[in-house]
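Please open the structure in the viewer and keep the selection panel at hand.

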Amino acid sequence: MSEHNFVTRDGSTPLDHDQIKGIRFSHLTTMGELDEIEDTNIQKGLEWLHHQDHENILSMEFLCKLHEKLFGDVWKWAGKFRTVEVNISKYRAYDVGPQLKNFFDDVRLWIDGGKMNWDEIAAEMHHRLVTIHPFPNGNGRTTRIFTEYVQKRFGQKVSTWKSSLSPTPKARRDLYIKALRAADRGDFLLLIEFMQEKK
Ligand SMILES: Nc1ncnc2c1ncn2[C@@H]1O[C@H](COP(=O)(O)OP(=O)(O)O)[C@@H](O)[C@H]1O
Ligand SMILES: [Mg+2]
């Protein structure tokens, strides 16, 4: 695997050597090929997600299962928490479990409390979960899919993450990362706006 040279895009987590060793394919050489096999796995994971009844979706168990279903054909470490520190997260690896427990408790309170509207809940939920950054990789994709699924299960319309910008993927990604960085500073307006286009 030493010849692998996966270039990282802005706002994504670089894979460390041990994580790259966890790949289940030996013939991949480019980021494009990796994207492709991950996409195939994600499509299969989405089938699983949308064609079964899932109980207790606001839980660590469900989140790990979802990550495993989305990435488990590609990465041996899918569904398992990261053990290394990452720049994107202010939380240490040992704190992922406790932070997730608090996170799910808070999300239940936000939903049951009735004081926040769903745009606020979805944006805060998405940001907090990517900030905890539970897994070595795939956090952005898993968290967007998780957020959409929670919206759906609670009878809400589902964010498209500004699909109107899909002809210009770089502009779309830049706006998304800018919105997350504003949320890092406690300003959720950009992220709420970014998530407002729904289907
Ligand atoms: N400043 C930031 N604050 C919070 N989350 C961020 C920030 N920058 C990037 N992210 C999130 O981290 C994700 C990248 O993490 P990664 O584990 O590589 O996910 P993926 O492999 O699905 O892209 C981005 O898609 C985004 O959701
Ligand atoms: Mg990544």
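A crossing of two helices is called right-handed if the near helix is turned clockwise from the far one by less than a right angle, and left-handed if anticlockwise. The model on display is a predicted one.

**First selection: α5 and α6**

Select α5 (118-132) together with α6 (139-153). α5 passes α6 in a right-handed crossing. Their axes lie 9 Å apart, and the packing angle is about 150°. Angles over 145 degrees count as roughly antiparallel, and α5 and α6 are therefore roughly antiparallel to each other.

Now display the side chains at the contact. From α5, the contributors are Ala 122, Met 125, His 126, Leu 129 and Val 130. From α6, they are Asn 139, Gly 140, Thr 143, Phe 146, Thr 147, Val 150 and Gln 151. By class, this contact of α5 with α6 comprises 6 nonpolar and 6 polar residues, with no charged ones.

The crossing of α3 and α6 is right-handed. On the α3 side, the contact is made by Leu 63, Leu 66, His 67 and Leu 70; on the α6 side, by Arg 141, Thr 142, Ile 145 and Phe 146. The contact of α3 with α6 has 5 nonpolar, 2 polar and 1 charged residues. Phe 146 deserves a label, as it takes part in the contact with α3 and also in the contact with α5.

Centre the view on ligand 1 and show the 15 residues around it. Which of them come nearest? They are Gly 11, Ser 12, Asn 139, Gly 140 and Arg 141. Asn 139 and Gly 140 were already met in the contact of α5 with α6, and Arg 141 in the contact of α3 with α6. α5, α6 and α7 each supply at least two residues of the shell, and the largest share, 4 residues, comes from α7. The shell divides into 4 nonpolar, 8 polar and 3 charged residues.

Ala 182 is partly exposed, with 16 other C-beta atoms within 10 Å. Leaving aside its neighbours within four places in sequence, Ala 182 is in contact with Asp 187, Leu 190 and Leu 191.

Most residues other than glycine have a negative phi. Select Trp 161, in the loop between α6 and α7 (169-184); its phi is positive, at about 55°.

Is each residue buried or exposed? Trp 161 is buried, because 20 other C-beta atoms lie within 10 Å and the cut-off for burial is 20 or more. Asn 56 is exposed, with 9 such atoms within 10 Å.

Finally, select Lys 44, a residue of helix α2. Lys 44 is partly exposed, with 14 other C-beta atoms within 10 Å.

Notes
Residues numbered from 1 in each chain as written. Chains lettered and ligands numbered in written order. Predicted model: local features only at pLDDT ≥ 70, side-chain atom pairs only at ≥ 80, totals over all residues. Buried ≥ 20, exposed ≤ 12 C-beta atoms within 10 Å, placed from the backbone. Contact = placed C-beta atoms within 7 Å. Nonpolar A, V, L, I, M, F, W, Y, C, P; charged D, E, K, R; others polar. Near = placed C-beta within 6 Å. Axes fitted to C-alpha atoms, helices over the stretch in contact; angles between N-to-C directions. Parallel < 35°, antiparallel > 145°, perpendicular 65-115°, else oblique.
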